[in-house]
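Please open the model in your viewer and keep the selection panel at hand. The stops below proceed from one selection to the next.

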Amino acid sequence: MSRIQARFETLRRAGRKALIPYVTAGDPDPDTTVPLMHAMVEAGADIIELGVPFSDPMADGPVIQAACERALKHHVSLRRVLEMVAEFRRDNDEIPVLLMGYLNPIEAMGSAEFAAAAQQAGVDGVLTVDLPPEEAGELADELKGHGIDPIFLLSPTTTDARVARIAEQASGFLYYVSFKGVTGATRLDVDAVAEKVGHLKSIAALPIGVGFGIRDAESAARVSRAADAVIVGSALVRHIAESTGHPETIRDKVAEELRAMRAAMDATQPAAAVS
Amino acid sequence: MSTPTEAMAPPHFTDLPDANGHFGPYGGRFVAETLMEPIEELRQAYETLKQDPDFQAELDRDLHYYVGRPSPLYHAERWSNHLGGAQIYLKREDLNHTGAHKINNTVGQALLARHMGKTRIIGETGAGQHGVATATVAARLGLECVIYMGAEDMKRQSSNVYRMRLLGAEVVGVESGSKTLKDALNEAMRDWVTNVDNTFYIIGTVAGPHPYPAMVRDFQAVIGREARQQIQEQAGRLPDALIACVGGGSNAIGLFYPFLDDSEVALYGVEGGGDGIDTGRHAAPLCAGRPGVLHGNRTYLMEDNDGLITETHSISAGLDYPGVGPEHAWLKDSGRARYVAVTDSEALQGFHDLTRMEGIIPALESSHALAYATKLAPTMAPDQIIIVNLSGRGDKDIHTVAAHEGIEV
Ligand SMILES: Cc1ncc(COP(=O)(O)O)c(C=O)c1O
């Protein structure tokens, strides 16, 4: 069982939902990232999603675009991100790490080399935003061959037939993008998301995470009632942008935000359904 | 019709892309999940309308009465004699409405948008030619229009910015990344994924996810179809070589496509060589890049060792793009077409040569193709024929040329 699968299993037994914070690796500088990952774990993160900076982040809004630009000023490459994961793993063997990024840096390294290096570093899942399942065969096979879960997106435009096909290729969990748009936008409609997640669960057996547009404890809690995982990105990255140059302030603010989300999410769950 | 031996041969170049939009290993659909269904709807709508005689008749009417097609094929005799080699014919896309080949594509996609019931048009632009051509068709159909343009490009193509605004388009300056065409494309993609229900994205070149590279090619192939017929009428035979500049590659593929199966016709695509390939400051992914994935397709890219897209340099905003249409990547690998680069200063020389020798002021993009013709023609015999795609007129570039020469206009 992969770390991601194990985590969801533990949470399910405890009647809790996963909190998955996203930060861009190397934002605002490479030294900030690993201590920030540990701080997020301490504040209640179940899985850490680490963005791989890319020069052309087409699916991201201005907040994460700027994060990529800050990281790229320090030339934080995919290889450098893997080093950060390896460094994190020296002190934490339990919390899954998921890389989120775009295909070209992986292509430049080569799928096979990347999958091997990612496994070596202790990566548990890889989400490639611009790689739909139709084109993903080779990379998905390499990842699975190295014990890494290929994570795929579902969106409001994904047809039921596609959901079924995507669920076949994916493992770990499915990432439902809560609205049509880029990261950081504010279009979340919690009721519509809840209904959609219920529908997705009738088609796919994997846990469903929901991301895009979750900005505070309240929206995290409301989404967590329906979803198995809540993914928060821009709301955290905003704190990093505001406190660039002050790594401790960044850690404090991000941790504070996550603690509030964790508490609100845990408070909203129906009494732990221990099975 | 294919004979039994031909049926044994590898598929014709004109049969590509395959059902999933692949040209050999290139092309495909590399987009976020939200766009997968919309691009599939677009593909279906396009495939249906492509077979529809009424749609084709409507398109032909627009190309004739609105764009002014067919564009002339002009024998540049004085220039040919001066170069002392092959006879050079110019396909005069500069004489189209709005002054470039870009309108062939926007007229087609706008009709498609209307058939699909979309009320809002978006586009990206580098030199501003595609933006102007898009704003033009949007004005004509009464559709809302937003054009994304790199802030850097807005500075060097300010007259086109004004033209688009006159036409009623909103021009949004893009401040991210290198502030040029690739960043404008990123921003247009972000708009599209957000407003996909009512919005049609008119991509300006043969890039993007399937079906764009094939669809834009089909709309631009009118260039090559006309040229093929015109040269047979004027010279009684097919040309020996075709030359076109390559930014994303739409004017080049438009000229090449109807000749792809004429193996005796040599094809030359000319990339923006900037300060020279050896300097690294250029916009020539086919000459000096390597395969990767950007903007929805797999193709040759300019990137660093870590797979990050690098900045490009060309005097011509329309060539300043780190990628290239996937069909060109395939034509390169298969050896059917050859890709070369000419530098900024060679292109400027081509600009002046044509202006002085033939009384035609060419776009800086097209001047790259002309500059290569000045190299190729003298190596050929006077009874041989080259067709150069004169993809646009140079009015938009006179400020750039003047500034380069220290002249204030
Ligand atoms: C006149 C002209 N020629 C060529 C190009 C390059 O585009 P493509 O390679 O798609 O023809 C442009 C782009 O703006 C242009 O304006």
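Is C245(B) buried or exposed? Select C245(B) first: its relative accessibility is 2%, and it therefore counts as buried (buried means under 20% relative accessible area, exposed over 50%, partly exposed in between, with a 1.4 Å probe and protein chains only). This is a predicted model, in which local features need pLDDT of at least 70 and side-chain atom pairs count only at pLDDT 80 or more, while totals for chains, interfaces and linings use all residues; side-chain values use heavy atoms, with hydrogens and water left out. Residues are numbered from 1 along each chain as its sequence is written, and chains are lettered from A and ligands numbered from 1 in the order in which they are written.

C287(B) counts as partly exposed, at 31% relative accessibility. Its sulfur is the closest cysteine sulfur to that of C245(B), yet the 13 Å between them is too far for a bond. With a disulfide taken as a pair of cysteine sulfur atoms within 2.5 Å, the count over all chains is zero.

Now select the ligand and the residues around it (those with a heavy atom within 4 Å). There are 17 such residues, and T205(B), G247(B), G249(B), S250(B) and S391(B) come nearest. By class, the shell holds four nonpolar, eleven polar and two charged residues; Gly counts as polar here, and the charged class is Asp, Glu, Lys and Arg, while Ala, Val, Leu, Ile, Met, Phe, Trp, Tyr, Cys and Pro are nonpolar.

Finally, display the polar contacts of the ligand (pairs of N or O atoms within 3.5 Å). Ligand oxygen atoms lie 2.8 Å from a side-chain N or O atom of N251(B), 3.0 Å from a polar side-chain atom of H101(B) and 3.2 Å from a polar backbone atom of G248(B).

Technical notes:
Polar contact = N/O pair within 3.5 Å; in protein donor to acceptor, adjacent residues only side chain to side chain.
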